[in-house]
2 protein chains.
Amino acid sequence: METKFSNPIQINRSIKPNSISASAMRSAFSSRQLKPSEVLEECIANIDLYEKHVGAWAFINIEGAREFARELDNKKPSGTLFGIPFGIKDNIDTFDMPTEYGTDIYLGHQPGRDAACVAEMRASKGVALGKTICTEFAHRHPGKTANPWNIEHTPGGSSSGSAAAVASGMVPIAIGTQTTGSVIRPAAYCGVIGYKPSYGDLNISGVLANTPSFDTLGFFANCVDDLVLIRKALLDESIPKIKKLSLKGARVAIATKPYWEEACASSQQMIEEAARVFEDAGAEVFALDDQGVFENLSEWNIEISGYEFARTLAHERRLAFHKLSEILRNGRMADGFRVAFSSYQAAKKNLELLRIKFDEVMSGVDFVICPSAQSAAPQGLDSTGSADFNMAWTSLHCPVISLPVALEKNTGLPLGLQVVGTRYSDDRVIKFAEAVFKCLTN
Amino acid sequence: METKFSNPIQINRSIKPNSISASAMRSAFSSRQLKPSEVLEECIANIDLYEKHVGAWAFINIEGAREFARELDNKKPSGTLFGIPFGIKDNIDTFDMPTEYGTDIYLGHQPGRDAACVAEMRASKGVALGKTICTEFAHRHPGKTANPWNIEHTPGGSSSGSAAAVASGMVPIAIGTQTTGSVIRPAAYCGVIGYKPSYGDLNISGVLANTPSFDTLGFFANCVDDLVLIRKALLDESIPKIKKLSLKGARVAIATKPYWEEACASSQQMIEEAARVFEDAGAEVFALDDQGVFENLSEWNIEISGYEFARTLAHERRLAFHKLSEILRNGRMADGFRVAFSSYQAAKKNLELLRIKFDEVMSGVDFVICPSAQSAAPQGLDSTGSADFNMAWTSLHCPVISLPVALEKNTGLPLGLQVVGTRYSDDRVIKFAEAVFKCLTN
């Protein structure tokens, strides 16, 4: 058995403008080959074609987007995301579109202001096309979204709609959020690029809290370069300008902990063969020596996320408990009530030290690779799959990029490979991810 | 010159129910000496008397509070804050009262849900009486509030209304928030107890972000015991039960850095004389050996708060820039645009290590004392005073309690003494604060 590396985005290229990235759009706008309205109409055409099957959207503001795109048509391109349509996960506040947090409790709810990330993307002249489906309060109870590769399979969650919208060419980029694996897993399942930044790098205000100690913005795209654009829009043009990085001489660690044995044969094989390809490209590949970092990590993760989640939803617990799903009440919320404050506090202190220890672990490593999920997207829409392969990196506040690098043989569904960097090294790890993606799929 | 220690709350006792704490109310409810409605009516009577001078409130929900209190009148006391009226700073979301963030931009703005802290306090059967005045976006542009001790003097900010409402007996407790000195300073200026918890101890979701790396809830009260009640309501009954702590043998460090020279003579004298009183009580008192922790702290604080604040207000920057005050635009927001991303990131990394270093500094210290502010409340309502004496502890994520322990001789206005603990030692430092307060003012 051999992994046949391939680029699911390329395979999927019949779907326009899926084959065109935000970065390519920008060039096309600059050279006047395309206008923002033309790109937007392609996005809308894909929505018309696929939305009835995929169900990626909670709200679409076609008229608002058209009006803004038309305004831009007559302007000289300026602004990092000039004319780029984007989707916004529906746990992120928008002042001009309802924000329902994936629950009937907030049907039609209209926030008063944009979340910081939305305002920044709009200030960069991005075109906000709509709100994408989010699982209930970004926990596990799924929304209506199906996987664009096979609508009988889950798109993953909690950023289900953002992943599916990018995968089916309805937008070139979309915002999501990750508390455990809510960006990386759906990116892998839907065969697009997913990016979970270092904790705290990108301002999360205006996003509904799930677990403040872990909540992070995230992004979906079809091209690694687009992640740089997004960072420029949200941080500023002063982010480090890093030239191409080569795999030659790169120190690549394979993480077999935690949970390697849970990975399906295809996923394990993907990693092993990627390692061989990297070695052929001149990288130094070795097993990650985690120095015990993973030992109690999942226990602390559960204590912290449970404790905080039970409290961030205090209002709904008080006034709408019967409207919460069973999986939410019996899942993370129930975890929260089992945890005493002292355990919660101890877990936080332990994790703080662990992150610093992991910085040391990573001092001899350029990036880590491991599967983005246990397998390709599981069949069925009742569950959004497992976040086991994401929990550690999120807890450690590391930047992670999921790359769609192969199709699973039996199902034909995409497999994702995670590229994990040291905390706060996002700009560098994005460049390594670019090299990895090119090396495996070109 | 000698400091005459006194308890401004006691001096102020003619104002009922200022002389009665939440803890005392709870006992009175349990023994059926008082009913929630009676306490509430005393609060309302004080609002009727003083609000026109003090201007503590942005919104008062008298009918809603009366209805809930009457409901409780007929019930057996249950719930940690049973029947306790409380105020809520107006940068904290409430589902049934407008939340205007201290700015005309959001006049009448109605959030869809309660912030976690409000929901928890209501779940504990606290009686939400209204929203208290907040400076513009919890920055420096003041609201209408005056200092109840002398209405020509500032109440401090940004939690101006919460401090003034507690000081004038309109509520026994109130919620505030602190990003630099926004709880401790107004508590000191208004002669009440202020509590800024360890960063992250209390869930801040549903509070408008200012600087996410520093934003912390805070509380105002007339009795140290009330802080324990509040922690029980917001965390859970499993917080450490700590018996009375004595000053005998306590290791007390005096912080003369940073900014000691900025403290007025009365404030310096207050600390020096408190030190003598503690020594008489058997404490070991020494100068804090900060091991260089304070060296670059204020620079990093400004870089982080500027960078984050400029982005948390991205929406207003984009759509309502002309409605922002000059001090906001030219103050923290302008700081933010001067800071490059790399400096911001470096400052965050540096502070993370500094916090761990400060844990070590504090390993031989039970608590630190220093003035809560440079002086008593300055004259004039245009400025809310300086947060220089609070910046370090907030940046270091330490728990801080401000105790009103003296009246300044020239002005007759209260002076506050800060009791600072190691991160995450809140329950212990509250007990030390109790001992300090008793020792100085009994």
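What follows is a chat about the overall build, the two copies, and a few places inside them.

User: What should I know before reading any numbers?
Analyst: This is a predicted model, so to speak of local features a pLDDT of at least 70 is needed, side-chain atom pairs count only at pLDDT 80 or more, and totals for chains, interfaces and linings use all residues. Residues are numbered from 1 along each chain as its sequence is written, while chains are lettered from A and ligands numbered from 1 in the order in which they are written.

User: OK, what is the secondary structure of chain A?
Analyst: Chain A has 16 helices and 11 strands, where helices (H or I, at least four residues) and strands (E, at least two) are DSSP runs numbered from the N terminus.

User: Switching topic, how are chains A and B related?
Analyst: Chain A can be laid on chain B with an RMSD of 0.0 Å by a turn of 180° and a shift of 0.0 Å along the axis, with the copies superposed by least squares on the C-alpha atoms of residues with pLDDT of at least 70 in both. The two copies are thus related as by a two-fold rotation axis. In chain A, the C-alpha nearest that axis belongs to A:P111, at 3.4 Å.

User: How many residues does the contact take from each chain?
Analyst: It takes 34 residues from chain A and 34 residues from chain B, two residues being in contact if their C-beta atoms, placed from the backbone, lie within 7 Å. On the side of chain A that touches chain B, the elements giving two or more residues are α5 (116–123), α10 (297–312), α11 (314–319) and α14 (341–361) of chain A.

User: Now the inside: is strand β6 of chain B enclosed or open?
Analyst: All 6 of the 6 residues of strand β6 (residues 216–221) of chain B are buried, so the strand is largely enclosed by the rest of the structure. Both faces are covered, with B:T216, B:G218 and B:F220 buried on one side and B:L217, B:F219 and B:A221 buried on the other.

User: Which strands pair with it?
Analyst: Strand β4 (residues 173–178) of chain B pairs with β6(B) in the antiparallel sense over 5 bridges, where pairing needs at least two bridges found by DSSP, and B:I175 stands opposite B:F219. Strand β5 (residues 193–196) of chain B also pairs with β6(B) in the antiparallel sense, over 3 bridges, and there B:G194 stands opposite B:F220.

User: Last one, what about B:V400?
Analyst: B:V400 is found in strand β10 (residues 400–407) of chain B, and is buried, with 33 other C-beta atoms within 10 Å. Not counting residues up to four places away in sequence, B:V400 touches B:I184, B:K196, B:W393, B:Q418 and B:V420.

Technical notes: Buried ≥ 20, exposed ≤ 12 C-beta atoms within 10 Å, placed from the backbone.
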